[in-house]
Amino acid sequence: MRSCILLYSNLEKNKFSDLYLDYSKAIGSLGYHVTLLDYLATDFDNNFFKAIDESTSHKNTFVLSFDSNLVDLNVSSGNVYDIIELPIFSILTLQVDNYELYEDVKKYIRCVIDKHEAISTKKHLMPRANILFLPSAARRITAELPKIENRPIDVLFCGEIFDATNVRMAWKDNPEISVLCDNMVEILLSDENKSAFDAFYESGDPSPFQYDKMLALPCINYVNAYMQSVKTSKLLKEISGLTVYTPYDAKEYLSMIASSKIVLNTPLNLKYGITDEMACSMANGSICASETNEFTKDNQMDNLFLNYSNSNYSLLNEKIKEALISPQNLNAMSESASVFAENNLSVLQNAKKIIEASEIARLLNL
Amino acid sequence: MGDFLKNCILIEPKILNLIPWHKAYAKAFEKLSFKAHLVTNDENFISQIENVLDNDTKFFFTIDGVGSTAKLQNSELIYDYLNIPIISTYTDHPEQYTRLISESSNYVYSGFFDEGDIAYSKKYILNDANYFFHTDFGLCDESLRVPTFEERDLDIMFCGTIPDPGYFRSLFENINMPYSINFCNEIIEMLKSSDQISLPDAFESVLSSKNLFLDSLSLKNVHSLMSTLSHYIRGCRRIDLFKSLTEQNLKINFFGFEKDYNLIANENVTYCGFLRGENYWDALRRSKITLNSSPLSKYALSERQPTSMLNGALVVTDTNPYMDLYYKDGRDVISYNHNDYSHLADNLKEVLNSKALFEKITNNALLITKNNHTVNHRAQSILDVLRQGGAL
């Protein structure tokens, strides 16, 4: 018997709000018994420990949560997962933003969407962390995908647009990180290939470990948000005929994507990975307009989306306009992208990777 | 014998086969002006030490960590209390000594015969410890003349174990976790595809291909898994080596366990029993060729190689960059690659049929070994390590 205890909450509505159901189905389809537990429910503690008791006889059991929720579940003698020797995976849906430390929880395997971040974190920030690189999962809203020409929205942009000046003000108010963040921005503006992680460690003098670990996260978050907002506002100014939409929940988010011919991806902060928008637009047969990175190149994805590089946004606008003249020509790309997403980026594929990692963790008695 | 400048204390090994090595070290330290006091790690260990300890005692020496974690009644390590270092050289892979290594103090210096073992210990056992490279060396009875080609009545000998691949495979196949079995198989495939890659590197590479980055010091079962996989690979490689040679009608004399012989038994393999102590040297002196197979050694000499050479046998071996620093294929040894045995049998037949070629190669090997890989060289390198550590 194999089992998974999946911890979720319905409190917050956003584009990831149904993700736990998708993982529950996928893990269940792989022969695992899944126990779904709402960690905000009043009887959670009882149900959790009951599920733990039932699963202790199973050799292959793991816990799955999202955004590091419940990783720090402690009793008086220490962390629950370390005491009962049960691996806990937590899928961090966003890059860095909700990245808690919890390095002392030995059984914790954090699932991050950027491999570069995984490697940098191990190298510079948390050498004793356990990390699984899990690309953003491609979720599909419907089995039958409409033809591109039948989709009502021409170009969709899903996401919030932040004011770069406000973001910068946030770190300017904090003397501890102000100079560091300014230096990081300089580094990133001079070299597009660097990540905020790289910039943080380059700003360290002489050793990045001189900085408090807790300092790295706000710096990286602020600078990522700043760079993203600068690039996004520049991009949005260049692209004509945009529908801008902030997702309310997963269903609406995926429906909007499936109703769009082209989905405009936010400029990539990820150095080795893809955004959720990109994965989901591919899964739903929409044409994604995105920058390339090492992940898209290594996976030979660059003919599966409208790609652009070097922040050449006006050229992208021309590409989009040209594509929309004869949208039926995009159907072949749409079909290839959805097949690729299904075979390589689906929740089912990610569930397999988590199960594989949980078995290896068991084998090695992590 | 009255000219000793300093003292050292040697702790006797528990394994009988290691006694000659222990005695050889004692003699070598004395040649280097250290009076060697011998003690045994028994209930009188501390009183034995008290009897020989004085202000000139500079270090302890042990093989395989015997006595290296000895404590006083207050649980303090003896060596910490005395402020005297202990050198421990290990004859096997570090996964066999995890407890000893993890309990090491700053006064313990651990010597491994393969550079790769030091990297392994740092990564998976204890990063912050005193490690040094201390590869194997050869031993022989120096009072005896090296026998001639004609005096050697055995053509080819192999002395060692043949781990049963079936048994070691069953250890990871019976765990009922398909992804884990696949993980082990991928490591094995990687190791089999190249003689160059080390087991820890293959392990890390397969983990990384799964985008999994784990805390190496928290992997409690990593040592037993590595041990299982290394036994499996060693077994497969040695069986393949025997097969490739006996299929070409070469006769091999096998010294080892009977259960191991059963894994390689055919009409061209003769079982010669289990060798102990000095009988081992006698067998080397009776053989023209000794086979060595150390597929997971990445920067090391294996004791079999220099000891065979000092006893005048021709060494047929897999190789590694450390070995290549000293011995050249066709000049000093006959080397082979585990993925290509195609010329090996012919090379062995040629040397068995040519006294001149045999003498040329074995004389070269003997000279190189005498000049570089005897107990005197290793004893000197131990003193160098202690000096570098400020202990001498």
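In this predicted model, where local features need pLDDT of at least 70, side-chain atom pairs count only at pLDDT 80 or more, and totals for chains, interfaces and linings use all residues, the side chains of A:Asp154 and A:Lys261 meet in a salt bridge with an N to O distance of 3.0 Å. A salt bridge here is a side-chain nitrogen of Lys or Arg within 4 Å of a carboxyl oxygen of Asp or Glu. Because A:Asp154 lies in strand E9 (residues 153-158) of chain A and A:Lys261 in strand E11 (residues 260-264) of chain A, the pair ties together parts that are 107 residues apart in sequence; helices (H or I, at least four residues) and strands (E, at least two) are DSSP runs, numbered from the N terminus. A:Asp154 is partly exposed, with a relative accessible area of 34%, whereas A:Lys261 is buried, at 8%, where buried means under 20% relative accessible area, exposed over 50%, and partly exposed in between (1.4 Å probe, protein chains only).

Residues are numbered from 1 along each chain as its sequence is written, chains are lettered from A and ligands numbered from 1 in the order in which they are written, and side-chain values use heavy atoms, with hydrogens and water left out.

Over all chains, the count comes to 28 salt bridges. In chain B, the side chains of B:Glu204 and B:Lys123 form one of them, at 3.8 Å from N to O. B:Glu204 belongs to helix H8 (residues 199-209) of chain B and B:Lys123 to helix H5 (residues 115-124) of chain B, so this pair joins parts that are 81 residues apart in sequence. B:Glu204 is partly exposed, with a relative accessible area of 25%, and B:Lys123 is partly exposed as well, at 35%. Returning to chain A, salt bridges that share partners join A:Arg168, A:Lys172 and A:Asp182 into one network.

Elsewhere in chain B, B:Ala300 is found in the loop between strand E11 (287-292) and helix H12 (304-310). At 1% relative accessibility, B:Ala300 counts as buried. Leaving aside residues up to four places away in sequence, B:Ala300 touches B:Phe113, B:Asp114, B:Thr135, B:Asn320, B:Tyr322 and B:Met323, a contact being heavy atoms within 4.5 Å.
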